[in-house]
Amino acid sequence: MQRFEIQGGNALQGSLEVSSSKNSTLALMAAAALGTEEVILNPVPQISDVLTLSELLRSLGASVRFEENALLINGAALDRYQPPYEITRKIRGSVYLAGLLLGRLGQAEVALPGGDEIGSRPIDQHIRGFQALGAEITVEHGMLIGKSRGLRGANIFINRSSVGATINLMLAACLASGVTILENPAREPEVIDTAVLLNRMGAKIRGAGTTRIRIDGVAKLSGYEHAPIPDRIEAGTFLIAAAAAGGDVWVTNVIPDHLRMLIAKLREAGAGVIETENGLRITARRKLRAVDVDTDVYPGFATDLQAPFGVLLAQAAGTGIIRENVFDNRFRYVDELRRMGAEIKVEHETAVFRGVERLSGAPVDATDIRAGVALVIAGLVAEGLTQVFRIEHIDRGYVSIEKKLRQLGAEIQRMPPGAAPVLSNNP
Ligand SMILES: CC(=O)N[C@H]1[C@@H](OP(=O)(O)OP(=O)(O)OC[C@H]2O[C@@H](n3ccc(=O)[nH]c3=O)[C@H](O)[C@@H]2O)O[C@H](CO)[C@@H](O)[C@@H]1O
Ligand SMILES: C=C(OP(=O)(O)O)C(=O)O
């Protein structure tokens, strides 16, 4: 198992470029394979989730290849509907194979998806939607099994705002006959990005990003070249890291509109955030104040930034509260932060952070992508050496995070399995 070693205490200075969005790219890859001509996604982040979904699309017969930072996908030869179980269950983005396969082949046998362990993650809204479109769906032996003799448009009310269900149903409905209306769809930027690509491929989707999406089915989808949106969660992670560690950082390739709630909270906590031509500049020169945060669907405070923000509160002046309203078990990083001296009480969906003077470095375990990156930030601000284990979780979503942080002056190294520490807690 690889690990990160981090010597805390350096303020962050300089600039760094955010990669394309992990969550958009995964949805766009499934959208691309729905067509019968080559689609180029450029640039894509070379993260393990993208490699895993590439392998899954190939297993279905699609052609998927990298050319530097571009990913070229052609779904013309896609003719299989049973992606390998063990690979499918590794990531969340594999859930889009169900929409892709039902839309293209009218048949899908797909393992229930995996992804971060952040609470129960049912897919009942996906299933209800596929059924409304005329598919017969059963769940057996850990698999979603779906069949249809041709999907047909339907009115679908999505009971719980879900990014995954909205995108999956858009994928399935593009090639269905007739009109599909999605009521109460998710409005996240990744939903809009997916609709933009699908429309460029010939789909007819209107209203993505609003409370009602209309999809007029078309007979086929063709090729296009598309640049996925920047990763708002990666951008937010670096902004929080700079705010927590102190310093002056310019984060480029960001759409500030995607981060309104975070920017407001960083300013409320005392950081300076300025919009520049191609990004955001953050300055934090003194200890930040504690603030309260409620996670919510977009444009609310993103649940994926909750754990990183928790680290900021763990060392802020005063007491801050986080209410996690999206997932039911997303405070698993708290135990690890306590090892580093944080004072946090968790009750149900609420965590109360009493800011301490300074965290102290310790060996800690990443339990998921964002918990992992939160511990990296904790290592940057803590006194002494922090070792973050199980960093394969972080690699699911961040491109060479250690290199980007080193560019800002952080002392962080990726260590091979079993390597002796090179940094130390003894001065
Ligand atoms: C690969 C990907 O894009 N992952 C993102 C996606 O996950 P994902 O698409 O899995 O998240 P959803 O938006 O679907 O989940 C939101 C909430 O709805 C619930 N729910 C969802 C579907 C369903 O059928 N039934 C149901 O009850 C979930 O348990 C959760 O409590 O959006 C989440 C919320 O912004 C992000 O944290 C993830 O990073
Ligand atoms: C929850 C996340 O990812 P996934 O849905 O892929 O598990 C995340 O990116 O924070």
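**Exercise 1.** In this predicted model, sort the residues of the shell around ligand 2 by class and state which domains supply them.

*Solution.* Start by listing the residues around ligand 2: Ile91, Arg92, Gly93, Gly115, Asp116, Ile118, Asp304, Ile369, Arg370 and Gly397. Next, sort them, with Gly counted as polar. The shell then divides into three nonpolar, three polar and four charged residues. Last, turn to the domains: domain 1 (3–18 + 230–415) and domain 2 (22–217) each contribute at least three residues to the shell.

**Exercise 2.** Give the strand order of the open sheet of three strands that contains β6, β7 and β8, and find which strands lie at its edges.

*Solution.* The order is β6-β8-β7, and the pairing is antiparallel. β6 (107–111) and β7 (136–140) each pair on one side only, which makes them the edge strands. From one strand to the next, the twist averages 10°. Now take one pair: five bridges join β6 to β8 (residues 143–147) in the antiparallel sense. Within this part of the sheet, valine 110 has leucine 144 of β8 as its bridge partner. Helix α4 (residues 96–104) packs on the sheet, where it touches β6 and β8, and its direction makes about 165° with that of β6.

**Exercise 3.** Decide how α4 and α6 are oriented to each other, and describe their contact by class.

*Solution.* α4 packs with helix α6 (residues 163–174) at an angle of about 10°, and their axes are 7 Å apart. Angles under 35 degrees count as roughly parallel, so α4 and α6 are roughly parallel to each other. The contact includes Leu100 and Leu102 of α4 and Leu169 and Leu171 of α6. By class, this contact of α4 with α6 has nine nonpolar, three polar and no charged residues.

Key. Residues numbered from 1 in each chain as written. Chains lettered and ligands numbered in written order. Predicted model: local features only at pLDDT ≥ 70, side-chain atom pairs only at ≥ 80, totals over all residues. Near = placed C-beta within 6 Å. Domains from an automatic or database assignment. Pairing = 2+ DSSP bridges. Helix = DSSP H or I, 4+ residues; strand = E, 2+ residues; numbered from the N terminus. Axes fitted to C-alpha atoms, helices over the stretch in contact; angles between N-to-C directions. Contact = placed C-beta atoms within 7 Å. Parallel < 35°, antiparallel > 145°, perpendicular 65-115°, else oblique.
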